[in-house]
Amino acid sequence: MIHPLARLRNRPTANFSSGAVQNSSERGCVRSTSRSAAEFAAFGRNDAFALPKVFWFLGFLCLFLAAPATLAGSLASPVAPGLPTMAHPELLPLLPPDGTETRQSSSYDPSGANNDGNFINAYTKYIDTNGEYVIFDASGPGCLYRQQINVWSRGRKKAAGLAHIKYYFDDESKPRVDATIDDFFGGKIEPFTEPFAFLDPRPRFGIVYYPFVFKKHLKITTTGDFSKLPDTNSCWYQYTYLTFPNTNGVTTWPGPREDSPTVRSQWTHLGLDPKPAAGNVTVSNTVAIPNGKSAVLAQLRGAGSITSLKLHLDPYGREPFYHAILKIYWDGAREPAVNVPLGLFFGGGGETYPNCRRLPEMSLRTLFYGFDGTNHDFYCYWPMPYWHSARLELVNESGADLQSVSCVVQYKPASVLAYPADDTGYFCAKRTLARDPGRGLFNTAFEESGRGKVVGISFYSTGYAMDGDEFTYLDGSRTPQIHGDGTEDDHNQGYGGDAYQKPLWGGLINGYQTAYRFYYNDSYIFNQHIRINYEFSREGGHDNGGETDVVIFYYKTSSAGRLLLTDQLDVGDPASEAAHRYSVTGQTWAGVRHSGYDGYERNYEYDLCQDDGRAFTGSSEFTVAISPANHGVELRRRLYRSGNGRQLAFVYVDGVRVNERPWDVCTLSSAPFYQGWYDADFEIPAACTQGKRQLRIRVQNAGGANSKINEFYYWVYCFENHPPVKPGPIRKLSATPLGSSGVDLHWAAAKMADQVNYYQIERSEHPDFSNPVLAGRSNASHFSDSRVKPSTTYYYRVAEVGLSGKTGPFSKSVTATTGPNTQIPTAAFLGMDDTTEGNWAEKYGADGFLMPRYFYGRDCQAWPDYLCAVDFGGFTSRQFSIWRNSTPSSLLTSPISYCARYLGALETPGSDLLTLYVRDTQPHQLALYVCDFDKAGREETIELADLNGHELAPPCTVSHFEQGKWLRFKFSGSIQVRLTNRNRASSAVLSALMFDQAP
């Protein structure tokens with residue numbers, strides 16, 4: 001392969017400072033002149049326009065990427081982030097330097113419910129010392145590429161649009177941008193104008209794609225009178241950005257003088273190839289394809305890159321649109337990298353969905369693909385490199401002969417443009433059809449292992465609620481690095497959106513059922529594994545999650561993943577701390593937390609974990625093992641964010657501070673105790689790690705939400721090429737009962753334990769594992785299951801989940817029978833509360849709670865640590881109401897957002913038992929909420945008894961509780977709650993159980 005550098009030695013060079021391209025009129029971007037329509041048309045075709053400029057830029061790219069590493073080595077740092085890379089889509093196949101990460105700050109509800117955008121608990125990350133509401137806070141070096149916001153509340157322009165948005169760079173006291181939200185997103189301020197900015201006319205949402213590069217720090221705040229919003233749950237946003245491993249070439253945004261006519265021209269001439277056409281070779285072919293047969297559209301040999309693909313079909317229609325299958329093979333691979341229906345590859349989808357029936361007759365124009373239902377044409381401008389060969393095939397499964405398929409391919413041979421094979425991905429497209437079976441939490445839209453980046457999505461759906469959030473997990477992290485606040489927001493729209501066709505986003509019908517979005521420079525980067533889930537929301541009354549038809553466009557190398565797990569430190573475990581020479585100063589807390597990671601609407605406790613750890617105001621220090629062949633190291637730390645979402649630390653490696661950035665964690669302190677876990681990553685540059693076998697790490701507290709930081713677990717990853725490891729079976733699993741309230745599990749560590757992300761433990765009360773329960777996940781080869789009932793036989797099995805995200809086979813099952821209950825329970829009635837009504841969130845439930853059928857038929861629960869299990873007996877459950885803006889205060893508030901109100905209940909027409917199994921003998925408070933919401937004249941009795949039915953507290957009879965009443969009890973040990981109906985014309989109901997410390 002001829003490297004482009006070899007052909008660029010005598011070309012003109014550029015003046016640059018700190019890695020940023022400069023000239024007399026522009027800084028941080030390549031100079032470009034305005035083009036006429038004729039000039040732009042020439043740019044998209046086969047001539048010599050911009051030939052020197054493209055070669056000059058690629059020469060600069062190679063020179064830049066070569067420092068300080070050699071050209072044959074790994075990439076050292078990104079090239080001129082911001083407008084320069086946006087002006088050159090031919091750079092898309094290049095994978096970023098090791099340690100580059102994709103992140104997103106968004107207004108998602110940290111409780112797991114759907115109160116996304118709640119002004120205090122989701123919109124505001126924290127309030128700074130100036131009293132400004134911070135919505136984005138990130139330490140550099142990095143670049144903010146995408147901004148999506150909705151503060152206008154269902155299209156009614158309110159005071160929030162007049163609020164100011166401010167951008168503070170590198171810890172400056174004065175913002176470089178200070179404008180109203182209306183003006184900034186409305187394109188009224190240069191250079192944040194169209195096509196970089198768009199404001200929905202109603203307005204419902206705004207988008208800005210103008211990039212902000214920051215070397216040290218970027219903070220975005222809003223100020224204004226948000227009290228005039230119609231409710232406090234009408235502010236949403238998503239800010240997607242990249243962080244880089246070092247500061248090479250990163251220059252903080254200089255101000256509004258920075259612009260790019262090149263990008264503006266590319267984005268306003270959709271349908272033309274945005275890449276330079278100089279050096280393109282054109283290959284044309286026309287074939288007839290009988291039904292059931294296939295034909296080769298193009299066969300290219302040698303090294304090169306496809307720059308343009310255009311097709312014309314005759315006959316054209318719905319059947320060939322959905323049933324002519326395009327296959328693309330790179331470098332003689334047996335399996336195609338692209339294997340999707342023709343129409344879907346060019347932006348269509350949803351064949352069987354009612355809202356998509358007219359799609360083949362419509363037209364679509366975007367920056368990278370499109371089709372014309374009138375002229376029967378398709379185009380694709382994704383850059384697609386190869387190093388030996390490329391083969392494009394079309395398989396006709398349409399049911400009729402295709403009389404004429406015309407194909408025009410343009411490509412650049414390697415003598416014109418050569419991509420470095422080790423750091424360039426093959427272009428791929430993968431389709432995923434998913435359907436909710438009725439009880440699912442989410443649809444997985446995409447999953448892939450290896451090294452690459454996602455650059456686009458085509459999303460079609462039916463029966464799917466647009467309030468479902470995106471959860472994108474990268475490289476084994478249990479925290480989604482991309483957590484959205486609604487599907488239409490993830491696709492750059494709001495309140496459903498419309499049929500906009502913009503360069504990087506839009507939809508043929510609306511913003512969530514027929515949407516597309518290109519992750520152009522905000523690509524989702526993965527080094528080992530990626531999984532994109534779309535949550536099932538019941539907002540709008542959907543009985544199930546519906547169906548999705550998704551095509552993901554991405555680049556991926558042929559090599560294995562890039563991350564190698566070399567060490568793990570379990571903080572709080574004496575053996576692990578001793579092995580890593582762990583020490584801590586200024587310790588303020590040590591203990592155990594039982595919590596979950598980000599949960600889904602249908603299951604807040606989706607990913608539970610119990611771990612011990614420490615909090616401190618000083619520092620911790622420890623030694624970890626790494627590979628001397630590394631290209632940098634990534635530290636991952638499990639922390640607890642509830643009440644302390646902003647944690648700032650300085651990191652020292654072998655006594656030297658990592659100056660590129662602090663370890664800056666800015667998540668939501670408002671996350672409740674049951675959604676407390678958060679995995680935070682920190683990149684250590686290769687200059688600090690290469691050639692070493694171990695590192696002495698010091699994590700020095702630098703402040704935060706409550707002036708201390710905490711840590712529970714560390715993973716140490718090295719960036720290094722390594723063969724993929726397939727998860728194997730678990731051996732020697734054993735289960736030992738721990739009295740009446742626990743089961744202890746042990747197994748042999750996996751053969752490649754350093755490549756285990758975690759172990760997954762399942763439990764069932766049936767030997768065939770019908771209706772299995774996820775008991776938990778463990779990072780070690782042991783686990784204690786504390787959610788069990790006494791005198792019960794359980795079956796267990798364990799599987800290994802590797803760094804690649806793949807799950808190995810389950811082990812052979814083992815059994816354990818818990819012991820009988822030996823507690824002596826007590827209970828006493830404390831009194832009745834008829835004033836709090838549904839406003840419980842600041843009075844009850846500090847330890848845990850249960851609200852049956854609270855949200856569109858789903859229970860809302862977060863059990864306290866001391867509660868082992870709950871038996872609901874013969875109760876049925878019902879939902880009384882759906883929240884609207886005006887609802888009586890007797891409805892229960894949300895556990896995190898105090899505005900949304902719902903009400904469900906456990907119900908019995910006669911008498912039934914609810915059993916609470918408790919592991920400790922300490923006293924606790926139980927508050928029970930009853931509400932005769934439909935005014936049925938209910939009268940019912942509540943009594944507490946031991947597990948044998950013996951009365952512990954006198955029965956309490958309650959009536960006339962249309963506005964809701966709380967019955968408070970003090971109890972210890974395992975108890976039964978008996979609910980008895982006293983009015984045969986109605987039923988007995990129980991709407992909430994709240995657990996607190998005993999008074």
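**Cavities and pockets**

Modeller: The largest cavity holds about 600 Å³ of space. On a 1 Å grid over the protein atoms alone, a cavity is a set of points where a 1.4 Å probe fits but cannot get out; a pocket is an open set with protein on both sides within 12 Å along at least five of seven lines. Points join across faces, edges and corners, and volume is the space filled by probe spheres set on them. The model is predicted: local features need pLDDT of at least 70, side-chain atom pairs need 80 or more, and totals for chains, interfaces and linings use all residues. Numbering runs from 1 along each chain as its sequence is written, and side-chain values use heavy atoms, without hydrogens and water.

Biologist: Which residues are closest to the centre of the largest cavity?

Modeller: Lining residues have an atom within 4 Å of a point. Here there are 34, and Arg103, Tyr241, Asp664, Cys666 and Tyr678 are closest to the centre.

Biologist: Which strand gives the most to that lining?

Modeller: Strands are DSSP runs (E, at least two residues), numbered from the N terminus. Strand 42 gives the most, 6 residues. Strand 42 spans 677–684; strand 3 (101–106) and strand 13 (236–243) are among the other elements giving two or more.

Biologist: What is the volume of the second largest pocket?

Modeller: About 540 Å³. Its lining has 28 residues, with Glu448, Ser449, Lys556, Thr557 and Ser558 nearest the centre. Strand 25 supplies the largest share, 4 residues.
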